[in-house]
Amino acid sequence: MNYNRIGGYITICLVLALSGFGQTPATDDGYRLWLNYDLIQDAAKRQAYTRSAQFIALPKTSPVLKSAAEELQTGLQSLLGKSIPIITNAGNRTGGIVLTTSGPAANSPALAKEGYRITTSNNTITVAGQSDAGALYGAFALLRQLQTLQPIAAQTGNPNVQLRMLNHWDNVDGSVERGYAGQSLWKWYELPERVDPRYRDYARANASLGINGTVVNNVNASARFMTAEYLHKVAALADVFRPYGIKVYLSVYFAAPKTLGGLKTSDPLDPQVRRWWADKVKEIYQTIPDFGGLLVKANSEGEPGPQDYGRTHADGANMLAEAMKPYDGVIIWRAFVYKADPNADRFKAAHEEFTPLDGQFDKKVIVQVKNGPIDFQPREPFSPLFGNMPKTPLGVEFQITQEYLGFATHLVYEAPLFKECLDADTYVNGKGSTVARVVDGSLHNYARTLMAGVANAGSARNWTGHPMAQANWYAFGRLAWDHSLSSEAIAREWVAMTLTHEPQAANRIVNLMLKSRDIYVDYNTPIGLSRPWSGVHFAPEPWQNRSSRPDWTAVYYHRADSIGLGFDRTATGSNALAQYRPEVCRQWEDPKTCPLPYLLWFHHVPWTRKLSTGRSLWDELCTRFYTGADSVRWMQQEWAQVKSAVNPALHDDVSARLATQQREAIWWRDAWVLYLQEYAKQPIPAPFKKPERTLDEVKQSVNTYLLR
Ligand code: BDP
């Protein structure tokens, strides 16, 4: 090696060392999420990748393309441990990556607007996007191939859904409704002057999944977000997100014309109110030219709305759509509504209010429907709205934050929950009319389509509190892009990108993730129980029977009595089942053919009734509660086995949370079993042992838990 070459070599080593390329931080604090870009340990693979990573060529630039090139540079340098220049013109050079929005690949009819195509030839990789955002997504897809140690292969990616967005339930005071990962990411009191560097990393993480929109404030919205003061703060966020292809959206307080505008009314048909919104939307676009749109929770859980003035949801939504007319934005109107009617079945409420309005919404409106008819339960049947509003584009709303899934202490991988809904057949246009096809617009021919996830990210250093909950953010994003991906494939990617490449350990972790949701359901709400009663939404209190409204009690949902358990929603009961298409109804209305996971959602089943498992209802319930709680021990054992393969700090963190989960799983089991036993009047079946505490003792522990 001559002097110059030695000098160059030393310089490169120094650069790499100083910039920390390829270094796994001694203690991985989880901040880097799935973009950790740790040095690829397999030298042969590294070498093979390196042959096509001598440079990154960016012939034409733009803020989004610059983000793409910089991400490729950061990622590849870390993964490969070598410095890689960004150049403008590759000329005849081969052996690098060309990032482009022109040429045959970019113009291929196979590409949707935000689609990408990766091709290889002569050791040169072309990442082509139909648009800048497409190229950005292609860059992340290429990085993902390396991060998961796949050979670089030709690949086309097109999003299934147009608007792939997170909903943050964040408040002006920095708190997060149903947030379990610290405070809000947005430091409103510092904005717009100080822009936390973390906002950019948030945008990178989302862009890596193809998420292209974010609603930054709570659906229970403060009118303050509509003030000039706050619009400027939001504009500062929009500036950071724009180079990552992400638009900002705001939740609106429907009564803002009154509270903020000083008008006498917020009636959507009042001309002054309409003018107020038109002016407000104009002001928003003057401040944020590429603003995404408005999200509205109206006449729901005490929020104001058009019904306060005798108007319909369509009147309210269409009034906002009119204000939005000169702009590209959308109005996203939520269908999460239910009334305090003691004789009603909350299950039926959204369907009853919204289906009569099918066909009445303006073209700019998308109705956002929660995956299930009640409220983000650990397991719900799909919302019947998906099968009954063909003349309205419907978006689906999932909850990534674990409101009913053990907050940030229980390990629950949510992809199977999301998939269960997406793959469910509504039969709206005959067999194969899955929720996914309603939502992606292919069934009813809609271009404006939406998948939203209530975010689980907060100020916690690792973003999500539970390190494994990062996988839920990841899974939501991947499914919003491509709902045909399997839960397992997504888990495998995430584990490889985030935790380990060691094959046995990866298999164990993926297996544990895939089982985790069913385990949770077993000790929490088996066979179709649900628990959306008031309060913190965590402590087990199936006995809770007092509240300002019946549907905010526990007994309303499970209906335990001396005969049996479950909510009769067949024709002999509330007949909510009739809201589904006959094909669905026929299967679910007969307790013999109703899938076991949904049984108590639709039937009041006698304690002694023999189920398809061969056990009586009571014995089956006990079996679920006990095996569910025991399975958390299994999760602990499995996790212990992967200790040497994952980062020690992260391993300790998850182990500690699993210990909490184990203790709480037994708490849930004991509460339910002891309470239900009062009605079933049967012993705990062998081989299970009766709880070590009494019902009164569990009640006492719950009361203490709920003390403020
Ligand atoms: C419920 C939450 C509540 C939300 C509401 C909603 O408990 O905090 O405001 O959903 O989605 O699950 O509007």
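**A chat about the ligand site and the aromatic pairs**

Q: Which residues come nearest to the ligand?
A: Of the 13 residues around the ligand, Glu177, Lys297, Arg334, Asp375 and Glu403 come nearest; a residue is near if one of its heavy atoms lies within 4 Å. This is a predicted model, where local features need pLDDT of at least 70, side-chain atom pairs count only at pLDDT 80 or more, and totals for chains, interfaces and linings use all residues. Residues are numbered from 1 along each chain as its sequence is written, and side-chain values use heavy atoms, with hydrogens and water left out.

Q: How far is the side chain of Glu403 from an oxygen atom of the ligand?
A: An N or O atom in the Glu403 side chain is 2.5 Å from a ligand oxygen. For Lys297, a polar side-chain atom lies 2.6 Å from an oxygen atom of the ligand.

Q: And how much of the ligand does the protein bury?
A: The protein buries 98% of the 320 Å² that the ligand exposes when taken alone (Shrake-Rupley method, 1.4 Å probe).

Q: New topic: how many aromatic pairs are there?
A: A search of the whole structure finds 45. Rings of Phe, Tyr and Trp (its six-membered ring) pair if their centres lie within 6.5 Å; planes under 30 degrees apart count as stacked, over 60 as edge-to-face and the rest as tilted.

Q: Why is the pair of Tyr137 and Trp481 edge-to-face?
A: Their ring centres are 5.2 Å apart and the planes stand at 70°, so the pair is edge-to-face.

Q: Is Tyr137 buried or exposed?
A: Tyr137 counts as buried, at 3% relative accessibility (buried is under 20%, exposed over 50%, partly exposed in between; 1.4 Å probe, protein chains only).

Methods. A polar contact is a pair of N or O atoms within 3.5 Å; within protein, one must be able to donate a hydrogen and the other to accept it, and residues adjacent in sequence count only if both atoms are side-chain atoms.
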